[in-house]
Amino acid sequence: MKTILSSQTMDIPEGITVKVDAKIVEVEGPRGKLTRNFKHLNLDFALLDGGKKLKVEAWFGSRKTMAAIRTAISHIQNLITGVTKGYRYKMRLVYAHFPINASIPNNSDSIEIRNFLGEKKVRKVDMLEGVKISRSEKVKDELILDGNDVELVSRSAALINQKCHVKNKDIRKFLDGIYVSEKGTIAEEAYSRYLAVETLIFFLVLSEAEDDSPGDVEEECLAGDESADVVPDREGPDDAQAASRQPHQYVTPLVTGLPGRSSSEWEEDGESQGDGGIAGN
Amino acid sequence: MPFKRYVEIGRVALVNYGKEYGRLVVIVDVIDQNRALVDAPDMIRGQINFKRLSLTDIKIDIPRVPKKKTLIEAMETADVKNKWEKSSWGRKLIVQKRRAALNDFDRYKVMVAKIKRGRAIREKLAKLKRENPA
């Protein structure tokens, strides 16, 4: 049945200009400009409220055209985050025996992969437009793809992944390859680093505050209670004592690049997790 | 870009097909997805398919299915007739009707008038060209 009118509105955040003309949407923001063509959809795009809201309407739509409204809005939201935060996809080089040798030339727009499974073939993958690739400094065997357009970044990641498929082997056993480990935004990294700094400052302030007597009593209690039941506090007793003695010289160890949730799980240079149970080893 | 002339109660429309061709009507109710109940001061209220209507910019303020008297009053206050005749669409229709109703002598008069007008324009243009050679 045809629904006379269905529409959805989305908010456009501050600092972003959106222009829409004849179903071509242009989004401009701090990281640059992105365009997307929606001419294959039968929808009305209208900017309301002086550019602060975007309304998408479908007149006499079937179920499928009405579904397209929300997808169009999601695509535009991806454009907006691409243009403010950018997209960062992280990939890990996974190998059991032959170290994958990945080299990136200076202009960061292609990658060469050698020694995949010991093969002599050199695989070269060109990144799509606007996508930069680099090796992560802090994490071993990690590639970072940066870009504004999520479609291009994710497709570049897929191209790399597909170049390293294993042929003529049991893929449950030969798990080598380059896999996407994290899909995120570039601005998020900066935010998590900011969070780490904030928590450190918080601890600093706390440790300085423990100079007064209530804090000392606490420490004595903790010191006297040698049993293993002592639940370790956010700051261990050692830190607090050290801090109370010399509050201003408490040197906080620099937390190096808060790792993404996934990297610790990937730490293997030998048997992967699925090894024991399969093939009756 | 999106639509501005909505099918609503009070929308003035022009019938563009059928027995009532050329009549200005007001949509007084919507029957279903394809049909509306329309009314005009000098016709009996009846149903018509939307495909036979061309919506105009004019809209009047009426309740659903008003009495004839209320409808006529509302059309007077909104001054539909004058607005229509002044609008470019309305004026074009009037000219079309006039042209269709000409007899041979009238067409002869039109031809003579056109020639006279064209001559005056060309004379003036030539004079301006002579004065400002550019």
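**Aromatic pairs**

I looked up Phe203(A) and recorded it as partly exposed because its relative accessible area is 27%; buried means under 20%, exposed over 50% and partly exposed in between, with a 1.4 Å probe and protein chains only. The model is predicted: local features need pLDDT of at least 70, side-chain atom pairs count only at pLDDT 80 or more, and totals for chains, interfaces and linings use all residues. Residues are numbered from 1 along each chain as its sequence is written, chains are lettered from A and ligands numbered from 1 in the order in which they are written, and side-chain values use heavy atoms, with hydrogens and water left out.

Phe202(A) is partly exposed, at 44% relative accessibility.

Trp84(B) is buried at 11% relative accessibility, whereas Trp89(B) is partly exposed at 27%.

**Contact of chains A and B**

I found that Trp59(A), Phe3(B) and Tyr6(B) form one aromatic cluster. Seven residues from chain A and five residues from chain B take part in the contact, where contact means heavy atoms within 4.5 Å. I noted a buried area of about 530 Å² between the two chains, 68% of it from carbon and sulfur atoms; buried area is the accessible area (1.4 Å probe) that two parts lose on being put together, summed over both. On the chain A side, Asp44(A), Trp59(A) and Phe60(A) lose the most area to chain B, together 58% of what that side buries.

**Chain B**

I recorded four helices and five strands in chain B, in the order β-β-β-β-β-α-α-α-α from the N terminus. Helices (H or I, at least four residues) and strands (E, at least two) are DSSP runs, numbered from the N terminus. Of the 134 residues in chain B, 28% are buried.

Which helix holds Met111(B)? I placed Met111(B) in helix 4 (residues 104–131) of chain B; at 45% relative accessibility, Met111(B) is partly exposed.

Terms used
Phe/Tyr/Trp six-rings, centres within 6.5 Å; stacked < 30°, edge-to-face > 60°.
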